[in-house]
Amino acid sequence: MEETIIAYRFDRLEETLSQLNKANCAIVAGGTDVMVMHKSRRGVPPKITKPIIFIDHLLELKQVNQNGNDLHIGACCTYSELLRDPLIPMPLKKAIKTIAAPAIRNRGTLGGNICNASPAGDTLPLLYVYNAKLLLRSVNGDRIVPICEFIQGVRRVQREPNEILTEIILPSVLEEGAHVVFEKVGNRNADAIAKVGFAGYIRTKGAVIEDVRFAFGAVGPTMIRSNEIEKKLLGKTIPVTDMDIAKVVAAFDKIIKPIDDQRSTAIYRKTVALNLLRYFLTNSTHIQHI
Amino acid sequence: MNLKNISTSVPKKDHKGKVSGQLAYISDVKVENMVYGVLYRSPIAYGKIKSIQLPDLPEGYEAVGAEHITGPNYVKIIKEDQPIFANEWVNYIGEPILMLVGKDLDILYRLLDEVKMELEEHQAIFTLDEAIKQKSSPGVTMASYEFGESLESISAIEQGACQIIEEEYNTGYQEHVYLEPQGMLGIYKEDEIVVQGSMQCLYYIKNALITALACGDDDVRVVQSPTGGGFGGKEEFPSMMACHVAVAAKAVKKSVMLVFDRSEDMVVTTKRHPAKLKYRTALDKEGNIMSMCVEVFLDGGANVGLSSVVLQRALLNSAGVYKIPHFHAKGYVLKTNTVPNGAFRGFGAPQSFAGIESHIGHLSKRANIDPLDYKRKYLVQQGDPTITKGNFRDPILMEDMIEDLLNASNYKKKKAEFQTFNQQNQRYKKGIGTSLFLHGCGFTGSGERDHIKAKVKLYKSKDNQVSLKISNSDMGQGIFTTLSKIVAKELDLPYEEVLYPYPDTKEVPDSGPTVASRTTMIVGKLLERAAKKLKAQWLTGVEQEVTEDYVHREMIPWDEKTFTGDAYPAYSWGVNFVEVEVDTLTGNVKLEKVYANYEVGKVIDDRVMKGQIDGGLAQGLAYGYLEKMTSKEGRIQQKSITDYGPPTSMDVVTIQSKVFDNPYADGPYGAKGAGELTLIGGAPAVQAAIEDALQTSFQQIPITPEVIIESLWMKEGEEG
Ligand SMILES: Cc1cc2nc3c(=O)[nH]c(=O)nc-3n(C[C@H](O)[C@H](O)[C@H](O)COP(=O)(O)OP(=O)(O)OC[C@H]3O[C@@H](n4cnc5c(N)ncnc54)[C@H](O)[C@@H]3O)c2cc1C
């Protein structure tokens, strides 16, 4: 009994979108999540029930452009390509270097990491603190959604079946003056799934905090960010006082609710997440001050 | 290539096939009339099988179980406690119950899901701690030994002691993570069953098959296929798979292939025994050791397998490399309803060395003496008795090896530098740790003489080509190369012209299993002697064959009952220094420098030895801080390499190593064992380094970030 697999690989984004509009398809970019997700036991090919549509080769999705101080990253840029691109901010490159190993980085894409919406997606904490906006395109036109609205839960995103994520927009990321930190905690230095991820962002004017953002990965169903907590620090001067640090840490202590699993413990994840936050608040605000 | 110095590296015999990717492993093999087998396994940890209901099997699909076994239903290892197919009681999750065979794996997996079984579940023992509590219940203690000075005299010494220190130490599972998962093919022929696969011990398998099939010596044949790593994991486990495919092949009259994928392999195959070690040590006023009692508990898992022998080695190494004035040891293998534990590089010694090095390190802190200085006070010397009243009769180079590393690592200066660094850096802390260790080469006691009785054969063809006919497996460790070199050198032949084909029991005598760091020393020596003999009889253009049998050099006879005598003919030695940096925010440990000195008699091939050092030490270091496997209610939790976390090239640093010459009379060119030794010092050195960095003590390995964070957090809690 031979099984038929329908697969599409169009030269242009437009044709791809129109096919997507006709039939619900499984989008494959690098395939590094798709193939794992549909993996069968040994000796049996993966089972993907929907027709497959490849998008990894579409040139329209592989550009990196500067637009004023905004950065536009094509959804199908692979990690290896992004590492070579001079426009990509250093913290994002640092995060990318912690992903998998070279072979997977040659295939895996930024768009795939977002659409896969794993709580342990390593680019996500940074994309959250960069206030990334996502450009989704379909035959009906474009729409732009903030990443925090697009990702709704574990492997749940707000994408219509006929839409493709085409671009990731990082607003004002090329502006000077912000200090951004990324930390991944895994069980080893390559091919590791994050036990905790942390991104911190701070911009000051003189000694006054103008903007501050934090995001935590792998400690909840999706990235944890809180505008409310961040607001408490706006207008404060640096170095942030021990009391303010303690308040922010205590506030996150309440909303970070990690789990025990085969990779780590809830108590470890929480302790480390808060350690990294405390360290960021203590040190980043110092460094800037000096 | 002619060999002037035996240590000079040559290209490995199997280099081309492996580097080009051309070499076919068992899962690449297809033979005529071949079907696949998949195993239906126990879903519960302990219970009785009431009934099994099979789905309707399509044509060409069959079920094979206990009723198809012609011989008795057990895998012959030591005791008869491991069923081939469990048909009454199941003792662990994943225990094989029956096999479905057929052409298409997809259909087989579907059928597996449709098998229904009624079970009567019983209260299982899930952890070593539970087993220790129940160790006097019937069946829980599967083996135990006790030896050393009497407890009365120890207790008299303790009366006069200034202090008695008690410590309890735990070690975790370790998984082999050989690159190639287990695989076995049973080839059906009218007159014989040929079993081919990934393995270390051809004759263990052959003997298991003769028992299971109740057949004659000529009715089964075992052939090793290229083996992608073993580390002990392919010592006894493949015997079970061999029985599965052989019984199935005979039953369905087709060739049957059984190959595990990674997750199945990780969940059901043997692991390193988790252990608990208890120390009770009497100290005088200056902190000197007056006496020591050690208790060792090994988690055997659901059946005894090789665990009793593993326990023996654990006990024989329970005093480490030290001469302890008055010493007593006792050990147990306890049954739990978890996946059976088995052979793993080091065979019980890594647990003991981790424990004793940790304990001695902690004693040195109490005495306020640098750990290395403290350890050196007790270091055994040539002529000293062993803890079993044997003798360290050969020269011991440990002092030279230590001095060399003190210089190479700049130990004293480093310690001072790290102290300053640690005072200044809030987040990162650096530390340096050391380990001293040995490994007894070959089988324990009189095993070679009484059980193995190794025989080797050299065959010379008419065109003067010499082949090694031995039952030992090259599993990547390099014996194709090293043993061929020994024969080539003795015969003055170019190394390339000496052949060492994959062994086949039809062709090769039983030269013993490929385990216990015995192959180079024991089999190598026999080959050296066989080559000498062949050289003396050499007739050009004539087919010739020579054999050699093991000859036992009598020392102080080993008595397994009293645990006295020379446990090993010879010992290999090692010293490791490790520097780490610990991130106190995350508990992550970064290896910064690793130094290693070893003494293995004589190196047969520099590069092969370096392979053993780098691989063994990486595996040993990871055992101490990185690799973490846990079982929850009898279920292994880490089913992928990523979740288990063996080190990648990004985790290990360049290992600066040196090997010291100290030729041993009964080894070829003076060689002793090297394969297991290299693993043993890793974990204790990394523990000592982490303790040095954090100025704290740990009572377990692996010291994972979770353990570190908990300890730092608790310390803070105490202070605050
Ligand atoms: C061995 C290994 C190691 C890994 N290590 C890491 C790691 O360290 N850190 C980490 O974060 N991830 C890791 N991953 C996961 C994976 O590589 C990343 O998530 C990667 O970014 C996925 O990208 P992709 O292009 O391969 O996605 P794909 O597998 O092609 O797609 C993922 C999902 O997104 C959808 N999709 C992809 N692109 C689009 C688009 N443009 N528009 C709409 N939908 C889209 C697909 O339909 C699918 O549902 C690892 C994976 C493997 C196999």
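Close-up 1. Pro702(B) sits in a loop of chain B. That loop runs between strand E26 (700-701) and helix H20 (705-719). The model shown here, as in every view below, is predicted. The peptide bond that joins Ile701(B) to Pro702(B) is cis. Its omega is about -5°.

**Close-up 2. A cis proline in chain A.** Chain A has a cis peptide bond from Ile238(A) to Pro239(A). Omega is near -5° for this bond. Pro239(A) lies in a loop.

**Close-up 3. A positive phi in chain B.** Lys389(B) has a phi near 65°. The value is positive, and the residue is not glycine. Lys389(B) belongs to the loop between helix H10 (371-378) and helix H11 (398-409) of chain B.

**Close-up 4. The shell around the ligand.** The ligand is surrounded by 31 residues. Ile27(A), Thr32(A), Asp33(A), Tyr79(A) and Thr109(A) are the closest. Sorted by class, the shell holds 16 nonpolar, 10 polar and five charged residues. Four elements of chain A each supply at least two residues of the shell: strand E2 (26-28), helix H2 (34-37), helix H6 (110-116) and strand E10 (164-170). H6(A) gives the most, with four residues. Domain 1 (7-170) and domain 2 (178-289) of chain A both give residues to the shell, so the ligand lies between them.

Close-up 5. A ligand nitrogen atom is 2.7 Å from an N or O atom in the side chain of Asp122(A). A ligand oxygen atom lies 2.8 Å from a polar backbone atom of Ala29(A). At Lys184(A), an N or O atom of the side chain is 3.2 Å from an oxygen atom of the ligand. On its own, the ligand has 980 Å² of accessible area, and the protein covers 86% of it.

**Close-up 6. An aromatic pair in chain A.** Over all chains, the structure holds 21 aromatic pairs. One of them is formed by Phe198(A) and Phe216(A), and this pair is tilted. The ring centres are 5.3 Å apart, with 50° between the planes. The pair links distant parts of the chain, 18 residues apart. Phe198(A) is in strand E12 (residues 196-205) of chain A, and Phe216(A) is in strand E13 (residues 208-217) of chain A.

**Close-up 7. An annotated domain of chain B.** An unreviewed UniProt entry places the feature "domain: Aldehyde oxidase/xanthine dehydrogenase a/b hammerhead" at residues 20-123 of chain B. Over residues 20-123 of chain B, the chain is 32% strand and 11% helix. The end C-alpha atoms of this stretch are 52 Å apart.

Key: Residues are numbered from 1 along each chain as its sequence is written. Chains are lettered from A and ligands numbered from 1 in the order in which they are written. This is a predicted model: local features need pLDDT of at least 70, side-chain atom pairs count only at pLDDT 80 or more; totals for chains, interfaces and linings use all residues. Side-chain values use heavy atoms; hydrogens and water are left out. UniProt positions are given in the numbering used here, feature names are shortened, and annotations may be inferred rather than shown by experiment. A residue is near a molecule or strand if one of its heavy atoms lies within 4 Å of it. A polar contact is a pair of N or O atoms within 3.5 Å; within protein, one must be able to donate a hydrogen and the other to accept it, and residues adjacent in sequence count only if both atoms are side-chain atoms. Accessible areas come from the Shrake-Rupley method with a 1.4 Å probe; for residues, only the protein chains shown count as cover. Ala, Val, Leu, Ile, Met, Phe, Trp, Tyr, Cys and Pro count as nonpolar, Asp, Glu, Lys and Arg as charged, and the others, Gly among them, as polar. Domain bounds come from an automatic or database domain assignment. Rings of Phe, Tyr and Trp (its six-membered ring) pair if their centres lie within 6.5 Å; planes under 30 degrees apart count as stacked, over 60 as edge-to-face and the rest as tilted.
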